[in-house]
Amino acid sequence: MTQELTSPSPARQAPGPGRGPGWWRDAVIYQVYVRSFADSDGDGIGDLQGVRSRLPYLKELGVDAVWLTPFYASPQADGGYDVADYRAVDPLFGRLQDADELIRAAHETGLRVIVDIVPNHTSDQHPWFQDPELARQRYIFRPGKGDSGQLPPNDWESIFGGPAWTRTGRGDWYLHLFAPEQPDLDWENPDVHAEFTAILRFWLDLGVDGFRIDVAHGMVKAAGLPDIGHGRQATLIGSQHLPFFDQDGVHAIHRAWRTLLDGYDGARIGVAEAWAPTPERLALYVRPDELHQAFNFQFLGTGWRADGLREVIDASLAATASVGAPTTWVLSNHDVVRHTTRLGGGLARARAATLLMLALPGSAYLYQGEELGLPEVTDLPDEVRQDPAFFRGAASAGPAPDGTADAGGQDGMRDGCRVPLPWAGDRPPYGFGPGGSWLPQPADWGALSVAAQTGDPDSTLELYRTALALRRTLPGLGDGPMNWRPAPDGVLTFARPGVLCTVNTLPDPVEIPLPGRPLLSSAPVATEDGSALLPGDSCTWWAI
Ligand code: NOJ
């Protein structure tokens, strides 16, 4: 994967030595939450020029691609996941020309670019929704129940809390699986298909290398929109088949999009943000004629227990192997509590989890700031919060597929993982930009800044840099086989070609026979007399 790439079709390069075809199969993809990455103009909000200015940092970090969260024209009712114009850049983030220049500059740097596409819903400010006649053709409107239609058409709840329906001045109701400002499109209408085909083409023509598809499991609803009827919906997501998620009909859309992607040069990819009740159902999204990857939220949702981790790793690998797709791994994103906090073991455990993830076969997603070991910010005052889930009182149980985060954060809401990055200096905004930052940064983040960690061999940033460099140079990491090896309780040991990975999930050190030559460890590992002492909450890579 060490390739010098040139614009506009970097994916035409041959795969690196020992790698399977298809750059995405073992790519490390870095999620840029644009609003919080780097601010070029001093308004306290990250923007596209800010991202561009930091491309050398991402190149040096050693990632293969960036995924940019939505930067399209939007009233920002849900951090840009409420799009009013899919072909325009929101002035908060820059201009279309900035997007064009960013894509080109990334390619020149050797980084691929994936953009977010939001097809389940638009903003209520989208011209289609603003026109009452068009809206009733292209969104999901229904009459209410009750004598005068005063009750919602069914019992579905919004992922952000409250009913999934809002009544209009005309007396009918429209569906919004998320906020009321995010009406769900009706994918039974061919106009919707045609419009998204055109939108995908627009960005592909600009040179993007793929799409992260928001709510890829939600675009098709069960015929007749049946009630769920029992239980609290928030507790059913992920464990049960719900009438608005993971319906078989979504696959036809993804197949059509795959054909579209394949019509372009280079290997342009589709990544499903999909939540399915089982790894087997999730694997359906990455069948050979569908999308290239799907996020592995079951891995993300697994706690720091050896047996649970082993189980989810095996299930994930088996499910994707059954369709010939690579597995993906992810520990943090903009919707969940950062893993430094979520896993409950602070930085030591977070560093260990990261090395575990980066040693597994397949592709890994990093969320900006995890390379700095940033914790969740758990003391944001209510008046600065912006997450619509906070205002609608979403449930906070478990890392949900969309929206709500889990315990360990601030009531399970999502602002605490979106605080702007510290780049340098002792005081906010820590080099985030020439102005302030849209969410307040903690007073002690100076020590976590990029500048403070650069060159310090014990820092988390240098751990990530070394791990990613090793991943590029060791042919056994990335795509390829893995085999579990016997290990004491609480320890996971698995072999990749030429590399062995040991993970001690226990809080105390564990002694094991020396497995090989230490290559990299999340914590200092002592070796003597043919044995190794694995520190508590640690992961070590060994040359074998
Ligand atoms: C998933 C996105 O990651 C999340 O941030 C957003 O709120 C929902 N989809 C709705 O678009």
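Predicted model: local features only at pLDDT ≥ 70, side-chain atom pairs only at ≥ 80, totals over all residues.
Residues are numbered from 1 along each chain as its sequence is written, and side-chain values use heavy atoms, with hydrogens and water left out.

**Stop 1**

Next, display the side chains of aspartate 335 and arginine 414. An N or O atom in the side chain of aspartate 335 is 2.5 Å from an oxygen atom of the ligand. For the side chain of arginine 414, the corresponding distance from an N or O atom to a ligand oxygen is 3.0 Å. The protein covers 100% of the 290 Å² of accessible area that the ligand has on its own; such areas come from the Shrake-Rupley method with a 1.4 Å probe.

**Stop 2: salt bridges**

A salt bridge here is a side-chain nitrogen of Lys or Arg within 4 Å of a carboxyl oxygen of Asp or Glu. By this rule the count comes to 29 salt bridges.

Select arginine 281 and aspartate 246, whose closest N and O atoms are 2.8 Å apart in a salt bridge. This pair links distant parts of the chain, 35 residues apart: arginine 281 is in helix H9 (residues 279–283), whereas aspartate 246 is in the loop between helix H7 (233–236) and helix H8 (250–262). The helices (H or I, at least four residues) and strands (E, at least two) named in this tour are DSSP runs, numbered from the N terminus. Aspartate 246 is buried, because its relative accessible area is 1%; buried means under 20%, exposed over 50%, and partly exposed in between (1.4 Å probe, protein chains only).

Shared partners also join salt bridges into one network that contains Asp78, Asp335, Asp387, Arg414 and Arg418.

Now move to arginine 170 and glutamate 133, whose side chains meet in a salt bridge (3.0 Å, N to O). Arginine 170 is in the loop between strand E7 (165–167) and strand E8 (173–175), and glutamate 133 is in helix H5 (residues 132–138), so that this pair, 37 residues apart, links distant parts of the chain. Arginine 170 is exposed, at 51% relative accessible area, while glutamate 133 is partly exposed, at 48%.

Arginine 104 is partly exposed at 46% relative accessibility, whereas aspartate 100 is buried at 19%.

**Stop 3: helix H13**

Select residues 346–359, the 14 residues of helix H13, which reaches 21 Å from its first C-alpha to its last. That span is close to the 20 Å expected at 1.5 Å a residue, the expected value being 1.5 Å times one less than the number of residues. The helix is mostly covered, with 11 of its 14 residues buried; among them are Arg349, Arg351, Thr354 and Met357.

**Stop 4: backbone details**

The peptide bond from proline 428 to proline 429 is cis, with omega near 5°; proline 429 lies in the loop between helix H14 (388–392) and helix H15 (450–453).

Valine 215, in the loop between strand E9 (210–213) and H7, has phi near 50°, a positive value in a residue other than glycine. Its relative accessibility is 0%, and valine 215 therefore counts as buried.

Aspartate 537 likewise has a positive phi, near 50°, and is found in the loop between strand E20 (531–534) and strand E21 (538–543). Aspartate 537 is buried, at 9% relative accessibility.

Terms used: Polar contact = N/O pair within 3.5 Å; in protein donor to acceptor, adjacent residues only side chain to side chain.
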